[in-house]
Amino acid sequence: MDAALKALAEPRRRAILRLVWSQELPATDIADTFADVSRPAISQHLAVLKDAKLVTERRDGTRRLYKANVDTMAQLRAFLDDYWTSGLERLRDVAEAAETRKRQTKGRK
Amino acid sequence: MAELVREIMIDATPETIWPFLVDPEKHVEWLGTVADIDPRPGGVYRVLVQGRHQSAGEYVEVVPLEKVVFTFGWEEEGNPIRPGSSTIEISLHPEGDKTLVRLAHRGLPEDAVSDHTHGWDHYLGRLAVAGSGGDAGPDDVSPREAAGA
């Protein structure tokens with residue numbers, strides 16, 4: 001199973017991702033937010049998110065800081081936009097060309 | 001789940017447009033450089049775009065001249081839209097001699113990663129405006145701000 005999908009399938013990891021969506025936080029602060037989860041468990045969740053490229057990790061001395069990888073989403077948005085917009089425009093062009101040929105054959109228009 | 005919808009009016013009948021959706025040789029005239037497609041429920045959907053983006057999925061529903069539905073994603077490392085994780089429905093709606101083609105991309109990872117406020121909502125909202133023929137205007141919100149910073 002794929003890393004990103006697997007990473008997002010766990011509710012706790014989604015909660016961590018939302019926490020670091022707009023702010024960079026050290027691992028200790030993230031762990032403190034989840035009083036019912038052990039620190040090693042939080043570290044493990046962060047490692048999974050990092051491997052899936054959903055968060056970026058930055059070291060500051062002995063601290064490790066985490067932040068959601070927003071670039072991934074922005075790039076994806078641009079890619080999707082271009083993908084379907086240009087795709088449908090090309091579909092229109094080739095279909096209209098085919099339609100014109102049909103109509104000429106039939107003697108319409 | 002988030003949904004992206006795009007529509008385009010084509011001056012052609014569904015009979016003319018349909019083969020471009022289901023015939024591999026015609027499919028690559030508008031999307032992909034290699035199309036390995038078997039348009040029947042359970043059939044494979046594999047379209048290689050620009051020689052490097054491998055999209056992949058499986059057909060769910062095929063209604064001749066009306067619609068194709070297939071699961072969709074990219075096999076590239078790090079792309080959050082994985083094969084099978086989202087669904088595309090392309091439907092044809094005849095209007096006189098013309099046909100409205102609607103493409104709906106469902107199951108995008110909005111609620112998994114945004115906080116139900118910004119990010120994907122912002123971008124998908126813009127896409128909806130642009131897709132309906134309007135001008136969404138310059139995108140002056142940086143990705144970071146759009147993400148709720």
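How many helices and strands does the secondary structure of chain B come to? Chain B comes to five helices and seven strands, where helices (H or I, at least four residues) and strands (E, at least two) are DSSP runs numbered from the N terminus. The model is a predicted one, in which local features need pLDDT of at least 70 and side-chain atom pairs count only at pLDDT 80 or more, while totals for chains, interfaces and linings use all residues. Residues are numbered from 1 along each chain as its sequence is written, and chains are lettered from A and ligands numbered from 1 in the order in which they are written.

A look at confidence in chain A comes next. The pLDDT, the predictor's confidence in each residue from 0 to 100, averages 83 over chain A, and 83% of the residues score at least 70.

A residue counts as buried if 20 or more other C-beta atoms lie within 10 Å of its own, as exposed if 12 or fewer do, and as partly exposed in between, with C-beta atoms placed from the backbone. In helix H2 (residues 11–19) of chain A, the buried residues include A:Arg13, A:Ile16 and A:Leu17. These residues cover an arc of only 100° around the axis, which puts them on the same side of H2(A); the arc is that of the directions from the helix axis to the C-beta atoms. Helix H4 (residues 39–51) of chain A has 13 residues and reaches 18 Å from its first C-alpha to its last, close to the 18 Å expected at 1.5 Å a residue; the expected span is 1.5 Å times one less than the number of residues. In H4(A), A:Ile42, A:His45, A:Leu46 and A:Leu49 are buried. They too cover an arc of only 100° around the axis, so they lie on the same side of H4(A). After H4(A) comes A:Lys53, with a positive phi near 60°.

Chain A also holds an open sheet of three strands in the order E1-E3-E2, with antiparallel pairing; two strands pair if DSSP finds at least two bridges between them. Its edge strands are E1 (25–26) and E2 (55–60), each pairing on one side only. E1(A) is joined to strand E3 (residues 63–68) by two bridges, and A:Pro26 stands opposite A:Leu65 in E3(A).

In chain B, the elements run β-α-α-β-β-β-β-β-β-α-α-α from the N terminus on, and buried residues make up 34% of its 149 residues. Strand E5 (residues 67–74) is joined to strand E6 (residues 86–95) by six antiparallel bridges, with B:Ser86 as the bridge partner of B:Phe72. E6(B) also pairs with strand E7 (residues 98–108) over nine bridges in the antiparallel sense, and B:Glu89 stands opposite B:Ala104 in E7(B). E6(B) and E7(B) form a hairpin with two residues between them, and B:Gly96 in the turn has a positive phi of about 65°.

Finally, the largest nonpolar core has 21 residues, of which A:Ala95, B:Ile17 and B:Val101 touch the most other members. Such a core is a set of buried Ala, Val, Leu, Ile, Met, Phe, Trp, Tyr and Cys residues joined through C-beta atoms within 7 Å. H5(A) gives the most to this core, with four residues.
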